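Please examine the structure below before reading on.

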Amino acid sequence: MKFYKLHIVLVLLVALGCDVLEQSPQTSIDETTAIRDQKSAEAALNGLYDQLQSGNYYGDNIQIISDVSSDISQSIGTWDFYREMDTYVTVPGNLEVRNLWGQIYSAVNHANNLIADVPGIEATQAVKDQILGEAYFIRALAYFDLSRTFAGIPGVTGTMGVPIVTEPSRGITDASFPTRPSIQASYDQVLADLQLAEGLLTGLPSKNRASEASVKALYSRVYLYLGNDALAEQYATEVIDNYGLTLEQNYASIFVDENSSGSIFELAYNTTDGNGIRNWYFPSAEGGRGDIALHQPFALDVIGRADDERGDLIALDPNIAGAYYPTKFGKSGGDDNIPILRLSEMFLNRAEARANAATTPAERLAALDDLNEVRNRADLADTAGVGVDTNDEILAAIAHERSIEFMMEGHRFYDLVRTGKALTILVGLERLNGPNETLTNAGRQIFPIPSREIDANINLDSSSQNEAYR
């Protein structure tokens, strides 16, 4: 049973074109699926992207977990696992927490197999570098998501990192039972993988694959989390200046079209292998299950902003009074692409980094200029004058813009936590089917290590659990 339950011991599935819902973990790799040549390596790389696309990861779960834990979304349906997050009573046995943990580690192990085997295949060095660069980037993204979800953020919340596995899991060994390192060690792993990816990838040849541009964009995000404003600004500037990206003239086109002008990295879906976000948010009258709705104050705020075209992507459930839902991902087949990194984030990252470091009016104006790039694209006038005179006021305006710009994209809860605002913003949240909710326990700014993982790993015990969940 321990062998069956060990989520980290997940290994390579390389079936090209396989629907992620049909994939299942295996305990070893046989000769028919091993990475032996360029063809099998490319198939394995496609399988790695399938891991990101899973409904347990970027196919809907990580976005919902973040938004429903914040002041953007609420659980109004029957799925208690999201209700726990919405009401801040998540338990270590929560199915969606377990699904996210297991799926991310599955992606890690797919990457580990490529990183271990690709150097030895017969292929040009350019081909091997490209495959390895993409694998390192995805492993960096995976460990970043694990760290911010289950470990915390250095200097803000959390002390223990997530188990680090960098070798393929091809059977039970001592490496199958990793301990929890320091939280800094988890982020050091992210940065180390990004550094390796940066040295192997060039340009932005595809917005559906890892690239040099996506590496730099993720660097910017990670450094913002780590409080390194200089590097967050530097990498955001490199992305803004060097890859021919432009903010879309029409906000809705980001989601209606594929690989829009401001896209840096987005996952491509199709009607036979779709994502599940629409199903969770759209009401039954529109063919969804309607389990997740927007918090009414948030929805009314966005709709009420004169001329803000992002308000056009919010609709009212005809069957439930006061239930608003976002329509960003509205294709009935679930074949909307899922953006992970966008140019607007780079402008807001740079704005925030500049505002954090500003000591002069000119530096504060530079931060506002970046904020206004995003506002102007949404048909809003510049933010200027009263209310944006100090660093804190500018930062509040940037945070507000982030919440609207990335609604339904899974940024909000993490943004509140990393900026130290979660315990002051998540207060008295109005809910449609229950009392107001407040996040009072600082330890619940991170999620529990799944109980099944602790039960299965002989090197983890109750003291390895995040403190709020012991």
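## The start of helix H5

At the start of H5, the backbone nitrogen of Glu96 has a side-chain oxygen of Asn94 within 2.9 Å. Helices here are DSSP runs of H or I with at least four residues, strands are E runs of at least two, and both are numbered from the N terminus.

The model is predicted: local features need pLDDT of at least 70 and side-chain atom pairs pLDDT 80 or more, whereas totals for chains, interfaces and linings use all residues. Residues are numbered from 1 along each chain as its sequence is written, and side-chain values use heavy atoms, with hydrogens and water left out.

Helix H5 covers residues 95–117, and because its 23 residues at 1.5 Å a residue should span 33 Å, the 33 Å between its end C-alpha atoms agrees. The expected span is 1.5 Å times one less than the number of residues.

Of the 23 residues of H5, 20 are buried (under 20% relative accessible area, with a 1.4 Å probe and protein chains only).

## The largest cavity

A cavity is a set of points on a 1 Å grid over the protein atoms alone where a 1.4 Å probe fits but cannot get out; lining residues have an atom within 4 Å of a point. The largest cavity has a volume of about 120 Å³, a volume being the space filled by probe spheres set on the points.

Its lining has 14 residues, and Arg221, Pro339, Ile340, Glu409 and His411 lie nearest the centre. Helix H3 (61–68) and strand E6 (338–342) each give two or more residues to this lining, and E6 gives the most, with four.

Key
Buried < 20%, exposed > 50% of the residue type's maximum accessible area, 1.4 Å probe, protein only. Polar contact = N/O pair within 3.5 Å; in protein donor to acceptor, adjacent residues only side chain to side chain. 1 Å grid on protein atoms, 1.4 Å probe; cavity = no way out; pocket = protein on both sides within 12 Å on 5 of 7 lines; lining within 4 Å.
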